Amino acid sequence: MRFVRELAEPWGLLLAATSAGAAWAVQLPVLAAVGVGAAVLAARAGIAAATRPKPEAEPEEKQPLDVAAGSPEAGWLRRAEAAAEGFESISGSLDAGPLADRVADMEPVVSETVDTLRRLAGRTTATGKALARVNLAAVAAEKARLRKALKTADDDIRGDLLQSLESVQTQEDVHARLTSAQRKLLAQLQSGALGLDGLVARAAELSAATGDSLVDTRTIGELSEQLEGIRRGVVETEEATRRSSWS
């Protein structure tokens, strides 16, 4: 309780003792002086408890955006998740050795990559919802109507028509940017999911070797490089889409 903690503050206790001493010095009875000190301590604690700023709450981790069921992004995400499960299964089946160690080290990176793909899938769905809010056919028709009106418009309404045309053009530009972003996101989701599929296939091929002696260090390193390329691609796409949403 904050009030109780404030009562135990050293500065509060010092202030109460000083007040009690001052009351005693002016020849108040001892009990009265003690009461003065207690009252000062309680008042100080109450004010401090009420005015001291509360500690800031830890920021909550943002939840991934929802992914629309049955959408292309949901399909690619399921494929990536299945690949991650396959990679984990291969990792658990390997005998101890250099390959098993390297594959085990790669598991967290695979998981991180799938988490990023999940966020990209959610962003793809959000982009699709935003696109649905812009009726491109209606915007195009409105744009054509305004341009036609401008050809015969009087000077007193020309400014209003130009402003309306600018607003319509803004909608068209937004639709174009959202369409481009959606295509980029879907392309990266596809690339990431298929890349993880290929990684699992390669890991399965290496696990089929009759002994670790058949798997040289360079080959194991290529497996890690393949995963790093996949991870870097999805991370760069996420950063690019985040920057574009801020601009």
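Modeller: The following account treats the salt bridges and then a charged surface patch. The model is predicted, and it holds 10 salt bridges.

I begin with helix H6, which spans residues 136–151. Within helix H6, Arg145 and Glu142 stand three residues apart, about one turn of the helix, and their side chains form a salt bridge at 2.5 Å, N to O. Arg145 is partly exposed at 46% relative accessibility, and Glu142 is partly exposed as well, at 32%.

Another residue of the region, Lys143, pairs with Glu172, with 2.7 Å between the closest N and O atoms. Because Glu172 belongs to helix H7 and Lys143 to helix H6, this pair ties together parts that are 29 residues apart in sequence. Lys143 counts as buried, at 13% relative accessibility, whereas Glu172 is partly exposed at 22%.

Arg79 lies in helix H4 (residues 72–93), so here the parts tied together are 118 residues apart in sequence. Asp197 has a relative accessible area of 26% and is partly exposed; Arg79 is likewise partly exposed, at 38%.

Elsewhere, a network of salt bridges links Glu112, Glu228, Arg231 and Arg232.

Finally, Asp154, Asp155, Asp156 and Asp160 gather in a surface patch of negative charge. Of these, Asp154 sits in the loop between helix H6 and helix H7 and is exposed, with a relative accessible area of 53%.

Technical notes
Residues numbered from 1 in each chain as written. Predicted model: local features only at pLDDT ≥ 70, side-chain atom pairs only at ≥ 80, totals over all residues. Heavy atoms only, no water. Patch = residues over 30% accessible without salt bridge, like charges linked within 9 Å, V, L, I, M, F, W, Y side chains within 5 Å. Areas by Shrake-Rupley, 256 points an atom, 1.4 Å probe, with all protein chains shown as cover. Salt bridge = Lys/Arg side-chain N within 4 Å of Asp/Glu carboxyl O. Lys, Arg positive; Asp, Glu negative; His and termini not counted. Charge placed at Lys NZ, Arg CZ, Asp CG, Glu CD. Helix = DSSP H or I, 4+ residues; strand = E, 2+ residues; numbered from the N terminus. Buried < 20%, exposed > 50% of the residue type's maximum accessible area, 1.4 Å probe, protein only.
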